[in-house]
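Have a look at the sequence and the model first, then come back for the tour.

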Amino acid sequence: MPKITEDVKLDFRDVLVCPKRSTLKSRAEVDLTAEFKFKHSGKIYKGVPIIASNMDTIGTFEMARVLCKLGMLTAIHKFYTLDEWQNFADQYPDTLARVTATCGCADGDFTKLCTILDRIKEIQFITLDVANGYTSQFLEFVTKVRKSYPDHVIIAGNVATPEVTEDLILAGADLIKVGIGPGSVCTTRIKTGVGYPQLSAVLECADAAHSIGGHIISDGGCTCPGDVVKALAAGADLVMTGAMLAGHDECGGETVVKSDGSKVKLFYGMASQTAMMKRYNGLADYRCTEGKTVEVPYRGPVYNTALDLLGGIRSACTYVGCAGVAELPEKTTFVRCQQQANYVYGNKH
């Protein structure tokens with residue numbers, strides 16, 4: 001018989017952060033720097049706990065150049081060639097400390113990763129990215145990469161439950177990407193019925209990871225800076241976002257001018273028809289698409305959007321009485337709600 005978990009699982013939209021007394025006089029006093037040591041590599045991360053997604057329209061070298069200046073990380077997508085990586089490394093060596101090289105489990109992915117890492121020694125982060133992190137094959141792959149690169153920080157995912165979070169950490173991962181289906185252009189929950197509400201996933205996986213010295217990334221589901229705050233407050237060590245950074249000059253793809261004169265950029269899930277045609281020569285007959293393609297209004301340089309995101313986090317800390325972002329988990333109380341805000345004059349942006 002199928003089991004039903006009776007306790008309520010929550011998403012970002014189901015809660016608000018309760019305000020508390022604060023002695024901070026200005027948002028400028030808030031320290032956005034997070035610092036922690038990784039379990040296996042022994043490396044220490046010190047920076048803003050935001051990472052751009054390794055989607056091919058988001059995880060670009062251009063994005064990394066901007067976000068690096070603000071102390072953020074960028075997960076570079078896996079489709080750049082070795083020559084492109086080398087050109088980037090030669091031109092912007094100072095950026096390499098805040099990027100990750102992405103690798104999937106397909107034939108040739110690991111060979112390509114090794115070629116890049118062996119050529120560009122300054123890269124210290126590896127992202128092992130699959131849609132379904134629950135397979136024994138992926139667990140074995142994480143162990144293989146850890147043995148090959150014992151001193152690198154390994155990010156692995158995606159999962160959404162504490163048990164497999166622990167399994168992947170014990171297999172050699174330092175950071176676990178948490179999120180099954182919450183992304184704005186992901187249709188996994190629609191096509192498969194599989195998923196887990198993101199706030200509860202972060203709360204439970206963070207607790208499991210931290211208990212054995214690991215760390216997590218909340219991946220997907222953030223629609224506004226307030227959602228990023230909630231993910232950090234729930235225990236995420238880093239927050240990965242794609243949609244919030246879409247539509248900018250630094251994103252992959254051309255800017256399209258429509259018949260009415262408006263400008264848009266394509267944003268699509270990496271399991272969408274668009275991605276399959278562009279990157280994998282079409283969709284295999286045993287698969288379905290699990291992503292969609294949308295037109296995002298052109299938003300100019302990403303720098304201004306990134307500043308707005310960081311400003312939201314600073315403001316949240318002043319409402320909760322946190323001197324720095326690292327204090328959010330210990331000082332946050334979530335309150336259940338039926339509505340986030342008043343949208344009578346439009347959407348939440």
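Predicted model: local features only at pLDDT ≥ 70, side-chain atom pairs only at ≥ 80, totals over all residues.

Helices here are DSSP runs of H or I at least four residues long, numbered from the N terminus.

- Phe61, Met63, Ala64, Val66, Leu67 and Cys68 of α1 are buried.
- The cover over those buried residues includes strands β4 (50-52), β5 (73-76) and β6 (99-103), along with helices α2 and α10.

**Where α1 meets α2**
- The axes of α1 (residues 61-69) and α2 (residues 82-91) come within 11 Å and cross at roughly 25 degrees.
- Angles under 35 degrees count as roughly parallel, so α1 and α2 are roughly parallel to each other.
- The crossing of α1 past α2 is right-handed.
- On the α1 side, Phe61, Ala64 and Arg65 make the contact, and they meet Glu84, Trp85 and Phe88 of α2.
- Sorted by type, the residues of this contact are four nonpolar, two charged and no polar.

- In soluble globular proteins, nonpolar side chains tend to be buried together.
- The largest nonpolar core here has 88 residues, and Ile58, Trp85, Leu128, Val228 and Ile313 touch the most other members.
- Helix α10 (residues 302-320) gives the most to this core, with eight residues.
- Another core lies apart from it, with 14 residues, among them Ala34, Phe36, Ala75 and Leu175.
- Leaving out residues up to four places away in sequence, Trp85 touches a set including Phe61, Ile76, Tyr80 and Ile123.

How values were computed: Residues numbered from 1 in each chain as written. Heavy atoms only, no water. Core = buried A, V, L, I, M, F, W, Y, C linked by side-chain atoms within 4.5 Å. Buried < 20%, exposed > 50% of the residue type's maximum accessible area, 1.4 Å probe, protein only. Helix = DSSP H or I, 4+ residues; strand = E, 2+ residues; numbered from the N terminus. Contact = heavy atoms within 4.5 Å. Axes fitted to C-alpha atoms, helices over the stretch in contact; angles between N-to-C directions. Parallel < 35°, antiparallel > 145°, perpendicular 65-115°, else oblique. Left-handed = near helix turned anticlockwise from the far one by under 90°. Nonpolar A, V, L, I, M, F, W, Y, C, P; charged D, E, K, R; others polar.
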